[in-house]
Amino acid sequence: MKITSVETFLVPPRWLFCRVATDEGIVGWGEPVVEGRADTVRAAVDELSDLLVGQDPRRVEDLWQLMTKAAFYRGGPVLSSAVAGLDQALWDILGKSLGAPVHQLLGGAVRDEVRVYGWIGGDEPSAVAEAAAKQVDAGLTAVKMNASGRIGRMPTREDVDGVVARLAAVREVLGDARDVAVDFHGRFGVAAARRVIPELAPLHPLFVEEPVLPEYAHRLGDVVATSGVPLACGERLYSRTDFLPALQAGIAVAQPDLSHAGGISEVRRIAALAETFDALLAPHCPLGPIALAASLQVAFATPNFLIQEQSIGIHYNTGAELLDYVLDRAPFAFPDGAIRRWEAPGLGVDIDEDAVRAAGTRGHRWRPPVWRHDDGSFAEW
């Protein structure tokens, strides 16, 4: 079997899909994207395709090594995301060629279902409480919210009270039997994070995500030392070596993104590394159906898995939804807050190629918002 072509499709709302075809008619799909930099990643995928065409797609590990080590300059979000989507597609082809789901090729399932959560915002207490209630009605048993909107690196007492009030409003809706995670997005400074997190502890968040920016990972240990709340990070870390300092600092939850951190091949290694630090895996995934399917395949086969993010209905999805690009929506249902394990070969998702090609002709130019404080200075996004 040989790879004959690699195509990319820029599809709304903000995603990039890739299609890897073979001379035996088997096609693999992947989702290589950096949100807001999709065109840049598309160029990287095109460059990497020169290494792949003519190769046997079933040599997944060899091709991963080729894509990551065949050039002098390595790593970073763009290259690792391009590799990630292509890696997903190669695993998809391998599974389809053997008639087996990817999780079986990773050693077999260790669970029958994967608990998932949805995003609910985080601006006003009444708004997040209402959003949490809707997610409960949809069947979820866990949600994630922003700690705040635009905020200073050293928030005022009023700001901190607002963070606590929003979480308290959500906790009241959820009760004690459901979970809520709080995403800081690195918006607080280290000292502020150390001040705010203990005030959230009585409300028992599942975890606090990205308490500091990734460039301040050397300060993570200081935050861990003063926190009674499990800390999580990883959506802006792209390799095992990126995760090692965070794990050494004591994070409780590793959050690699299957479309950023080198795909299935690298994330399964990150999961194994996290296990040696008694840390759990909760893959980041505010993206499309292929990224979610890849994440689920890893989750089905990972012993130290905690919970899976999914973006059905997320506020970023304007112009298209996750399920618009799949032929069979049933596998993505989450009765009782969990997605049941499926046994379809490869990634197990049937992509609607006609819908993807039609959407690809429209494309998108999604860009993240630019935030400024009242004084005109830039705010963390």
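Buried residues make up 57% of the 381 residues in the protein, which is seen here as a predicted model. The accessible surface comes to about 15,100 Å², and 50% of that area belongs to carbon and sulfur atoms. The protein has 12 helices and 12 strands. With a radius of gyration of 20 Å, close to the 21 Å that the globule rule gives for 381 residues, the protein is as compact as a globular protein of that length.

**Overall dimensions and contacts**

- Taken along the principal axes, the box filled by the C-alpha atoms of the protein is roughly 65 × 45 × 40 Å.
- Among the contacts in the protein with a separation of 6 or more, 72% are accounted for by residues 24 or more positions apart.

- An open sheet is formed by 3 strands in the order S1-S2-S3, with antiparallel pairing; its edge strands, S1 (3-11) and S3 (27-30), each pair on one side only.
- Neighbouring strands of this sheet are turned by 20° against each other on average, direction ignored.
- Strand S2 (residues 15-22) runs antiparallel to S1 and is joined to S1 by 8 bridges, and within this part of the sheet Phe 9 stands opposite Phe 17 in S2.
- The loop between S1 and S2 contains Pro 13, and the peptide bond leading from Pro 12 to Pro 13 is cis, with omega near 5°.
- Helix H1 (residues 38-52) lies across S1 and S2 and runs at about 175° to S1, whereas helix H12 (residues 353-362) lies across S1, S2 and S3 and runs at about 60° to S1.

- The buried residues of H6 are Val 160, Gly 162, Val 163, Arg 166, Leu 167, Ala 169, Val 170, Arg 171 and Leu 174.
- In an α-helix there are 3.6 residues a turn, so residues three or four places apart point the same way.
- The cover over the buried residues of H6 includes helix H5 (125-138), strand S5 (142-146), strand S6 (179-183) and helix H7 (190-200).
- Just after H6, Gly 175 takes a positive phi of about 75°.

- His 185, which is found in the loop between S6 and H7, has a positive phi of about 55° although it is not a glycine.
- The relative accessible area of His 185 is 15%, so this residue is classed as buried, the cut-off for that class being under 20%.
- Asp 278, a residue other than glycine, likewise has a positive phi, with a value near 60°, and Asp 278 is found in the loop between helix H10 (263-276) and strand S10 (280-281).
- With a relative accessible area of 70%, Asp 278 is exposed, since that class begins over 50%.

Note on methods. Residues numbered from 1 in each chain as written. Predicted model: local features only at pLDDT ≥ 70, side-chain atom pairs only at ≥ 80, totals over all residues. Heavy atoms only, no water. Pairing = 2+ DSSP bridges. Helix = DSSP H or I, 4+ residues; strand = E, 2+ residues; numbered from the N terminus. Axes fitted to C-alpha atoms, helices over the stretch in contact; angles between N-to-C directions. Contact = heavy atoms within 4.5 Å. Rg over C-alpha atoms; globule rule 2.2 N^0.38 Å. Buried < 20%, exposed > 50% of the residue type's maximum accessible area, 1.4 Å probe, protein only. Areas by Shrake-Rupley, 256 points an atom, 1.4 Å probe, with all protein chains shown as cover.
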